[in-house]
Amino acid sequence: MEFGLQLGRLDLGRVRDVAQAAEALGFQVLVVPDHLAAEGPERQFDPHDLLYDAMVQVALLSEATKTVRVGHLVLCNLFRHPAITAQGLTSLDHLSGGRLLAGLGTGWTEREFAMTGIPFPDIATRLRMLDEALTCIRSLWRHEETTFAGEFYRFQNAILFPKPVQQPQPPILLGGGGRGLLRLAAKHADIVNIISDAGKPGYVSLANVAKLTDDSFRAKVRFVREEAQRLGRDGKAIRISNVIFSAVLTDSPTATQAVAEGMAPMFGTTAEGILHSPMALIGTPEQCVAELQRRQREWDVSQIIFSFSGEDTLRRLGEEILPHC
């Protein structure tokens, strides 16, 4: 099992400090989100959240660490032309010495586009745009010249040099939960990070969060594997990633049950449901290790990304969970 940490809404000095602490604790992947406005569930919004440029943050992670993979969960395709994305990610791959994880997605936070005037087409269009962007980025990384005439992007004898350190390309991670995104993952991705579907509604709906259950997560894994096979890829070669937004380490099974019962209504589920929710990890260290091993066994998850929630939880995860998984 590979463990990672997502860092968001932190000042740059703290990003550096947390990154170095996470690397020392044994985390293997560090990622940052890509937003102009940070929304919580049901459009919760603080206009003073700290949101630094995602490319700059990964450059900082590259310089602050020595061995961990660094990247995005995930870059918003609509914020950058694919030629700019390809060049930026190549630069980060060189800066990190070949440690880049290239995470991309369609973009989903409708507020960001409403406030800036950046076009925000429907999810079907955004998926077609991401498909073309990935096709172009991969070609720029692999070939001397790229010529492409698509619905959204056009390249004529386009060059990109230097090529990435990692050849033929850095690993591509796609993040999302809808079938359209999973189809793109089956076509392009090395890793797919499965979350609740926010692309179609344009915000994180708690009703959609509640739909991401033990059973539905497994169904999404099966779907992406079957789609990959249909496209002639080895479905098993696509790694499955699970991001955990709420990690709560307790000191007893009784406390675990109390926390689960308290959180369950927010997720629209039962205490048992929240204990097995892909979005959360609740329990004593022993219970958490057992649950992560179950996800590895039953969901075929090989990468867990924890959302950073404080130094104490980070330390406990590093000391009490990671060495036992």
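Contact means heavy atoms within 4.5 Å. Helices are DSSP runs of H or I with at least four residues, strands are runs of E with at least two, and both are numbered from the N terminus. The model is predicted: local features need pLDDT of at least 70, side-chain atom pairs count only at pLDDT 80 or more, and totals for chains, interfaces and linings use all residues. Residues are numbered from 1 along each chain as its sequence is written, and side-chain values use heavy atoms, with hydrogens and water left out.

Two packed helices are described by the angle between their axes and the distance between the axes. Axes are lines fitted to C-alpha atoms, for helices over the stretch in contact, and angles run from 0 to 180 degrees between N-to-C directions. The axes of α3 (residues 82-95) and α5 come within 9 Å. They cross at roughly 45 degrees. That makes α3 oblique to α5; angles under 35 degrees count as roughly parallel, over 145 as roughly antiparallel, 65 to 115 as roughly perpendicular and the rest as oblique. On the α3 side, Pro82, Ala83, Thr85, Ala86, Leu89 and Thr90 take part. They meet Ala133, Cys136, Ile137, Leu140 and Trp141 of α5. This contact of α3 with α5 has nine nonpolar, two polar and no charged residues. Here Ala, Val, Leu, Ile, Met, Phe, Trp, Tyr, Cys and Pro count as nonpolar, Asp, Glu, Lys and Arg as charged, and the others, Gly among them, as polar.

Helix α5 (residues 123-142) also packs with α6 (residues 179-188). The angle is about 15 degrees, and the axes are 10 Å apart. That makes α5 roughly parallel to α6. From α5, the contact uses Leu127, Leu130, Asp131, Leu134, Thr135 and Arg138. From α6 come Gly180, Leu181, Leu184, Lys187 and His188. By class, five residues are nonpolar, three polar and three charged.

The whole structure holds two cavities of 30 Å³ or more. A cavity is a set of points, on a 1 Å grid over the protein atoms alone, where a 1.4 Å probe fits but cannot get out; lining residues have an atom within 4 Å of a point. Grid points are joined across faces, edges and corners, and a volume is the space filled by probe spheres set on the points. The largest cavity has about 70 Å³ of space. Its lining includes Leu7, Arg9, His35 and Tyr52. The second largest cavity has a volume of about 40 Å³. Helix α12 gives the largest share of its lining, three residues.

Notes. On a 1 Å grid over the protein atoms alone, a cavity is a set of points where a 1.4 Å probe fits but cannot get out, and a pocket is an open set with protein on both sides within 12 Å along at least five of seven lines; lining residues have an atom within 4 Å of a point.
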